[in-house]
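The structure is shown below, followed by the description.

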Amino acid sequence: MQVYIVGGAVRDELLGRPCDDRDYVVVGATPEAMLAAGFRPVGKDFPVFLHPHSQEEYALARTERKSGRGYHGFTFHAAADVTLEQDLARRDLTINAMARDGEGRVIDPFDGQRDLQAKILRHVGPAFAEDPVRILRIARFAARFDDFTIAPETLALMRTMVADGEVDHLVAERVWQELAKGLLEARPSRMLEVLRECGALARLLPEVDALFGVPQRADYHPEIDAGIHTLMVIDQAARFKLPLTVRYAALCHDLGKALTPADILPRHIGHELRSVALCEAMSERLRVPNECRDLALLMARHHGTIHRAGEMRAATLVELLEKCDALRRPARFDELLETCRCDYTGRAGWEARRYDSPERLRRVLAAVNSVDAGKIAASCVDRGKIPERIRRARIEAVRLALDEAPDQPEQ
C-alpha cells in the first residue's frame, strides 16, 4: 500500500500558495485492507475512506470509463492493480495531475510542472472530453490564476464539447456549485469570458450571454457594452472582497437590458422590472440558494432608485427602506448598498469615483431606527392611526438627520 498527496495540494505547494485541503490516493490497496487499517468508508460511486485520526479523505486509485451523457455518465474501476499514473491520467489539467510521495518527490507524468512555469492550463488527454464539468472547472481556474492562458488545443476541445451538446446534460446543482466557486475567485470575470469564448455561456447562462453587444449611454457607461459592464461589476465585488450573495447579485442586476426594445437604445427605460423576471427564471433554473436569489432580486429591482438617493426627500427615502425590508433585514440591506457601489464603480474610468448613496441611506436607516415605535403605539388612542403616526415620526427623524426643510404648505 502506497499513499500519495495528489492534485491541487501539489500544484499550490509548487506555486507557493497556501493549501488547507489535501487529497490522498492509495495505490495497491483494497477496500478490505483499508477497513482493516481503521479507515471509515464514505464514497458512494467509488471507494473513498476517512483516515481514523485526521479524518482526511483517502481514495483508492481508480480508472473511469464514459458510459452515458453528462456528469454522472461514468463507471469506475478501483482495484489494487490500478497504478498511480493511471489514476492521474483521468484528471482534468496537467497542473492537477501531479502527486507527491512520502519522501517529498513529485511524480509528474504529464509535465504539469512545465505548464505551471509557462502559466498554461492544458488538458491531460482525450478523456477530458468525457466530462462537461471540466469546462466549468477550467473557467474557474482561469478566474483564480488570472495570468494563466488556456492552451489552444484545450480551448478547441472545449468548443467541440459544447457543439456536441455535452454541457446541455449538466445538472443544475453542479453548474451552480462551479459557478459559485468561480464567482468567489480573484477575478471572476475571466470565468465568464472563458465560458463565452468556448460557447458554453450561451448554453448555461443565456441571460448573461445576451448582454454582450447591447449598447448603453456613454455618459453613464463609458465602457458602452452591457456585458462588459457586468464583468466589471463582479470584478469590483471581488476587489472589495464581498461575499457570494453580493457577487451573484452583481451578475444579475442588469439582465433586463438584453430585452430593451431596439428603438429606445442606448437608453434602458424599465430594465429593472425585466431584470427581476430574468433573475427569477435564472435563479430557479440553477437552484440558487435563497439568500443569493433574494439579494439579486432586490438589486435588480431597486439599484436604479438607490443610485438616485441623493435626489430624494425624506418620505421617499423611508418608502425605499420599507420596500427593501431594511428595518427587519439590515445586514441584507447593507449588502444591497455594497452591490450598488460595485455597480456604480464598475464602469470604465469610474473605479475611484465618489459614491454617496450608501452613506446617505445608512444615515436614513439609523434615523428610522431611532424612532420608538412601541412608545408611539402605546400613546395612540386610535389604534387605526398607529401605522401612519409611526411613519410620520420616521419621516420627521429622517428630515432632521439630513437637515432637510419640512414640506411647505400650499398657498
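## Basis and overall architecture

Helices (H or I, at least four residues) and strands (E, at least two) are DSSP runs, numbered from the N terminus. By this assignment the protein has 19 helices and 11 strands. The model is predicted: local features need pLDDT of at least 70, side-chain atom pairs count only at pLDDT 80 or more, and totals for chains, interfaces and linings use all residues. Residues are numbered from 1 along each chain as its sequence is written, and side-chain values use heavy atoms, with hydrogens and water left out.

Taken along the principal axes, the C-alpha atoms fill a box of roughly 95 × 50 × 40 Å. Of the 411 residues, 51% are buried (buried means under 20% relative accessible area, exposed over 50%, partly exposed in between; 1.4 Å probe, protein chains only).

## Buried elements

Helix 12 (residues 244-252) is largely enclosed by the rest of the structure, because 9 of its 9 residues are buried. Among them are Arg247, Tyr248 and Cys252.

His303, in helix 14 (residues 290-307), is also buried, at a relative accessible area of 3%. Its side chain reaches the backbone oxygen of Met299 at 2.7 Å, a polar contact (a pair of N or O atoms within 3.5 Å; within protein, one must be able to donate a hydrogen and the other to accept it, and residues adjacent in sequence count only if both atoms are side-chain atoms).

## Salt bridges

Side chains of opposite charge can pair when their charged atoms come close. The whole structure contains 34 salt bridges (a side-chain nitrogen of Lys or Arg within 4 Å of a carboxyl oxygen of Asp or Glu). One of these joins Glu185 to Arg144, with the closest N and O atoms 3.0 Å apart. Glu185 lies in the loop between helix 7 (172-183) and helix 8 (189-198) and Arg144 in helix 5 (residues 133-144), so the pair ties together parts that are 41 residues apart in sequence. Glu185 is buried, at 12% relative accessibility.

Arg391 and Glu322 meet in another salt bridge (3.4 Å, N to O). Because Arg391 belongs to helix 19 (residues 386-402) and Glu322 to helix 15 (residues 314-323), this pair links parts that are 69 residues apart in sequence. Arg391 is partly exposed at 23%, and Glu322 is partly exposed at 38%. Asp111, Arg114, Asp115, Arg122 and Glu153 are linked in a network of salt bridges.
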